[in-house]
Amino acid sequence: MTAQAPSPLLEVKNLKKHFPLKSGMFARGGDLVYAVDGVSFNLGKAETLGMVGESGCGKSTVGRTVLKLIEPTAGEIRVNGVDIAPLNRREMRPYRLEMQIIFQDPYASLNPRMTAGEIVGEPLLVHGIASGQEREDRVAELFRRVGLRPDQMRKYPHEFSGGQRQRIGIARALSLDPKVIIADEPVSALDVSIQAQVINLLMDLQDELGLSYLFIAHDLSVVEHISHRVAVMYLGRIVELADRVELFVNPKHPYTEALLSAVPRADPTLDRSGRQVLTGDVPSPISPPPGCHFHTRCPYAVADCKTRTPELREVAPGHWAACHLR
Ligand code: SF4
């Protein structure tokens with residue numbers, strides 16, 4: 001008899017978020033933006049799932065919907081087996097402590113009128129967890145944990161560099177002892193040299209605290225270092241999901257191949273020369289192409305691709321792809 005695999009911390013099943021299109025030159029009553037259109041994945045304890053795709057593919061909407069910062073149109077979001085999708089604000093409170101978000105732009109997401117210490121300690125106050133000296137002490141400890149000095153607590157966001165501001169955002173996200181962190185393009189606004197420092201900090205925190213990350217990025221090279229598995233999104237759907245090394249060495253979906261072609265490789269054995277380069281823009285999620293959404297840009301497309309939607313299938317153990325030809 002084999003031991004059963006532990007159930008994942010977070011299980012997302014057939015998640016959909018369709019926004020009504022209310023304004024714009026071409027908007028008609030009843031038009032919908034299919035931002036997220038049937039996304040399923042799970043996330044284990046102390047695991048990082050990288051989620052990658054071009055701008056507008058729906059990856060940030062997945063992150064916000066999982067946290068219920070926006071309500072899902074359909075689907076399940078299971079946290080430790082409990083579906084939080086139908087829960088109201090009050091019922092959501094315990095789950096808000098378990099899942100936190102780190103935003104892309106650390107400057108825009110920090111209140112400029114609050115000190116860094118107030119920003120980091122605010123969730124402790126709001127949730128009635130700590131106040132007074134206890135709160136001060138916990139905030140000082142959080143500052144140390146993310147590589148800031150406690151004497152920087154009295155400074156304001158504009159007095160910090162971009163990398164330091166992102167450390168403040170990380171400290172704030174950690175203040176409630178979450179299990180899951182949705183990192184929404186957390187290093188995209190930073191210089192390349194600073195990106196590596198923030199990614200290393202997130203990896204160290206994962207080792208120390210057993211955190212699970214959904215790490216959202218538009219660039220495969222950013223998620224390569226930090227991810228255990230990688231999901232590739234295209235127009236509201238996951239088109240490939242696999243172990244990180246497997247995905248980089250043996251991509252199955254033409255879209256992943258094209259994204260990888262754009263990633264410069266230090267290791268010549270992983271050279272991608274000869275693979276196709278992606279051309280054209282992502283079509284609009286208001287009226288996505290029928291069949292396989294990628295058929296308008298895919299060099300291998302056949303007639304079937306224009307009418308039949310490929311299912312996300314397990315094409316090799318633990319390796320999932322949505323393509324008729326794989
Ligand atoms: Fe290309 Fe067809 Fe595969 Fe879609 S299903 S990725 S269009 S070959």
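Ala231 has Leu241 as its bridge partner in strand 10, and this pair belongs to the 6 bridges that join strand 9 (residues 229–234) to strand 10 in the antiparallel sense. Here helices (H or I, at least four residues) and strands (E, at least two) are DSSP runs, numbered from the N terminus, and two strands pair if DSSP finds at least two bridges between them. The model is a predicted one, in which local features need pLDDT of at least 70 and side-chain atom pairs count only at pLDDT 80 or more, whereas totals for chains, interfaces and linings use all residues. Residues are numbered from 1 along each chain as its sequence is written, and side-chain values use heavy atoms, with hydrogens and water left out.

Strand 9 and strand 10 form a hairpin with 2 residues between them, and Leu235 in the turn has a positive phi of about 45°. Because 5 of its 7 residues are buried, strand 10 is largely enclosed by the rest of the structure; buried means under 20% relative accessible area, exposed over 50%, and partly exposed in between (1.4 Å probe, protein chains only). Strand 10 is also joined to strand 12 by 2 bridges, again with the two running antiparallel, and Glu240 finds its bridge partner there in Ala321. Ala321 of strand 12 is likewise the bridge partner of Arg313, within the set of 3 bridges that join strand 11 (residues 313–316) to strand 12 (residues 319–321) in the antiparallel sense. Strand 11 and strand 12 form a hairpin with 2 residues between them, where Gly318 in the turn has a positive phi of about 75°.

Another part of the fold is an open sheet of 4 strands in the order 2-1-4-5, with antiparallel pairing. Its edge strands, each pairing on one side only, are strand 2 and strand 5 (82–83). Strand 1 and strand 4 (residues 74–79) pair over 5 bridges, and Lys16 has Ala74 as its bridge partner in strand 4.

Leu174 touches Leu142, Arg145, Val146, Ile181, Leu205, Leu209 and Leu211, not counting residues up to four places away in sequence, where contact means heavy atoms within 4.5 Å.

Open space remains to be described. A pocket is an open set of points on a 1 Å grid over the protein atoms alone, where a 1.4 Å probe fits, with protein on both sides within 12 Å along at least five of seven lines, and lining residues have an atom within 4 Å of a point. The largest pocket holds about 480 Å³ of space, and of its 19 lining residues Gln100, Ile101, Phe103, Pro123 and Arg172 lie nearest its centre. Strand 6 (99–102), helix 3 (116–126) and helix 5 (162–174) each supply at least two residues of that lining. The second largest pocket holds about 340 Å³, and of the 18 residues that line it, the closest to its centre are Gly38, Arg237, Ile238, Pro310 and Leu312. Strand 2 gives the largest share of this lining, 4 residues, while strand 1 (10–20), strand 2 (32–43) and strand 10 (237–243) each supply at least two.

Definitions and conventions
Grid points are joined across faces, edges and corners, and a volume is the space filled by probe spheres set on the points.
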